[in-house]
Amino acid sequence: MYKKILLILICFILTGCKDNTELVVSTNNFSKVIDPSKPVIALTFDDGPSKYTDDILSLLKENNAYATFFVVGNKVETYSSTINTMIKNGNEIGNHSYSHKWLSRLSTNSIKEEIELTQNVLKNIAGYTPTLIRPTYGAVNKKLRNSTDLKVILWDVDTKDWKIKSEEKIAERALNSIEDGDIVLMHDIYGRSYNALKIIIPALKEEGYQFVTVSELHELKEIKKKMKE
Ligand code: ZN
């Protein structure tokens, strides 16, 4: 957290907060230079890790792209090396419950347990502490919000990769909907999502898009807001 603030401060001092100068944001001490004149999005992946996640991570890396993975805690130990690659490559990890129960329908104690178990396993396996949660089924209520200090993250664009079977149609839907500053919902548990991503990422790069994590997106929005003041 302090490192991030320091980086932003250094950036401000160096650039004098002028428009169209480079910005630096970071996740897991991994700094990225962002051109504020170009669009950004935050790709997010729910329900993994799975056997497809390593391929997605390689694709992201090849494209100098970063994403946020909302992981299910009971899969973390099995995919511990995948989790470590996520972190090493500068991606962000968020909490998506421990066993994918419908969080908003549980008691406060059960909600807390589902969240804590995932925080703990990530801490134990990778020394990582998420600051974000994506509620299962995108269902949020007061009880859920009051049960956690984690920031609740939904999405702007649902690629519907959980429902649409064709990778071309998933990509088409994504490319028709995505706008600057969007959070995009995908799942890293389907081969078709990986294949759709092979279409989506190059097409968006062609349009100048930069792929950042959810926390970096928030950071950038704050910096841009301050620049306008
Ligand atoms: Zn889910």
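The following conversation goes through several parts of this predicted model.

User: Let's start with the metal. Which residues are the protein donors of the zinc ion?

Analyst: The protein donors are D47, through OD, and H96 and H100, each through NE2. They lie 2.1 Å from the zinc ion.

User: What spacing do the donors follow along the chain?

Analyst: The spacing is D-x48-H-x3-H. D47 and H96 are 49 residues apart and link distant parts of the chain. D47 sits in the loop between strand 3 (40–46) and helix 2 (53–62), while H96 sits in the loop between strand 5 (92–95) and helix 4 (108–126).

User: And are D47 and H96 buried or exposed?

Analyst: Both D47 and H96 are buried.

User: Next, H187. Where does it lie?

Analyst: H187 belongs to strand 9, which covers residues 183–187.

User: Why does H187 count as buried?

Analyst: H187 counts as buried because its relative accessibility is 8%, and the cut-off for buried is under 20%.

User: What is H187 in contact with, leaving aside its neighbours within four places in sequence?

Analyst: Its contacts are F45, D46, D47, D161, W162 and S193. One of these, D47, is also a donor of the zinc ion.

User: Changing topic: how do strand 1 and strand 2 run?

Analyst: Strand 1 (residues 23–27) and strand 2 (residues 30–34) run antiparallel and are joined by five bridges. V24 stands opposite V33 in strand 2.

User: What about the residues between the strands of that hairpin?

Analyst: There are two residues between the strands, and N28 in this hairpin takes a positive phi near 50 degrees.

User: Now helix 4. How many residues has it, and how far does it reach?

Analyst: Helix 4 has 19 residues and reaches 27 Å from its first C-alpha to its last. That is close to the 27 Å expected at 1.5 Å a residue.

User: Which residues in helix 4 are buried, and where around the axis are they?

Analyst: The buried residues are I111, E114, I115, T118, Q119, V121 and L122. They cover an arc of only 165 degrees around the axis, so they are on the same side of helix 4. On the other side, N109, E113 and N124 are exposed.

User: What do the buried residues of helix 4 pack against?

Analyst: They pack against strand 4 (67–71), helix 3 (80–88), strand 5, strand 6 (132–133) and helix 5 (142–146).

User: Last one: which residue follows helix 4?

Analyst: Helix 4 is followed by G127, which has a positive phi near 65 degrees.

How values were computed: Residues are numbered from 1 along each chain as its sequence is written. This is a predicted model: local features need pLDDT of at least 70, side-chain atom pairs count only at pLDDT 80 or more; totals for chains, interfaces and linings use all residues. Side-chain values use heavy atoms; hydrogens and water are left out. Donors are N, O and S atoms within 2.8 Å of the metal (3.2 Å for Na, K and Ca); water is not among the atoms, so sites may look incomplete. Helices (H or I, at least four residues) and strands (E, at least two) are DSSP runs, numbered from the N terminus. Buried means under 20% relative accessible area, exposed over 50%, partly exposed in between (1.4 Å probe, protein chains only). Two strands pair if DSSP finds at least two bridges between them. Contact means heavy atoms within 4.5 Å. The expected span of a helix is 1.5 Å times one less than its number of residues. The arc is that of the directions from the helix axis to the C-beta atoms.
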